[in-house]
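Me: I would like a close look at a single part of this structure. Please keep it brisk.

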Amino acid sequence: MSVEAEQTSLTEPYSRSSRAWLTSLAVAGLACATVATAAQGSGQFHWWAVFILIPAALIAAGGGPLLARGGGRAFAGYLLACVGAIVFAVGALLMFGVMGRGWPLLIVLPCLAVAGTYGWRAAHPLVRGLHRAVALLALTGALLGLTLQLIRVDLIHLRTGWWGAFLMLAGAIVLGNAGELTRHRMPYRLQAITLLVGPSVVAFLLGLRFLRGW
């Protein structure tokens, strides 16, 4: 019975890894097939983009099993999946021949990749606060890219200086994280807060200037 239990425990990790690989490869293949079929249906099929699309899908699929394992390898898997997804988006835009209209997506996706790490919690409060600020700033960058995309496809029309609102939002995020650090007693707290408050105030005032057209 002990031998059978030991064999079962040894084969379980391999079976989980195999399932993760098969699932990742299936998703990658489905994504490639969907993009290629849609491009052919639109009449804008650029076949040579397949040489970007397929390797990118395989790179992204390689991150799936690492994410499934968890632990220290999960970050490497997340990074691999994000890089593959970004390159896949480049291939999809080239396949449809819409790079000129869809380039803001290449701002949105990397920013979302950074913002997706928001759930990570470092032990040190200063590192945790700085990481939270970076993740929220990345989310602001994703919103900026989305706004640019809507402008490129003529869904919205904004007056000059609209980007000042995003500068003000970025300044408010950094200032809010500086205020959050006041709750923690740690060395160099005052210096860290000062370094955060200065740029946040400058960014907020610059954003206000652009927004109001001063």
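Which residues does UniProt place in the feature "transmembrane region"? Start there, then take me to glycine 145.

Reply: The model is predicted: local features need pLDDT of at least 70, side-chain atom pairs count only at pLDDT 80 or more, and totals for chains, interfaces and linings use all residues. Residues are numbered from 1 along each chain as its sequence is written, and side-chain values use heavy atoms, leaving out hydrogens and water.

The unreviewed UniProt entry places "transmembrane region" at residues 20–39, 45–68, 75–96, 102–121, 133–151, 163–181 and 193–211. Those positions use the numbering given here, feature names are shortened, and annotations may be inferred rather than shown by experiment.

Now glycine 145. It sits in helix H6, residues 125–152. Helices are DSSP runs of H or I, at least four residues, numbered from the N terminus. Glycine 145 is buried, at 0% relative accessible area. Buried means under 20%, exposed over 50%, and partly exposed in between, with a 1.4 Å probe and protein chains only.

What does glycine 145 touch? Leaving aside residues up to four places away in sequence, its contacts are Pro104, Ile107 and Val108. Contact means heavy atoms within 4.5 Å. Between glycine 145 and valine 108, the C-alpha atoms are 5.0 Å apart, although 37 residues separate the two along the chain.

For contrast, take leucine 80. This residue lies in helix H3. Leucine 80 has 33% relative accessibility, so it counts as partly exposed.

Key
Helix = DSSP H or I, 4+ residues; strand = E, 2+ residues; numbered from the N terminus.
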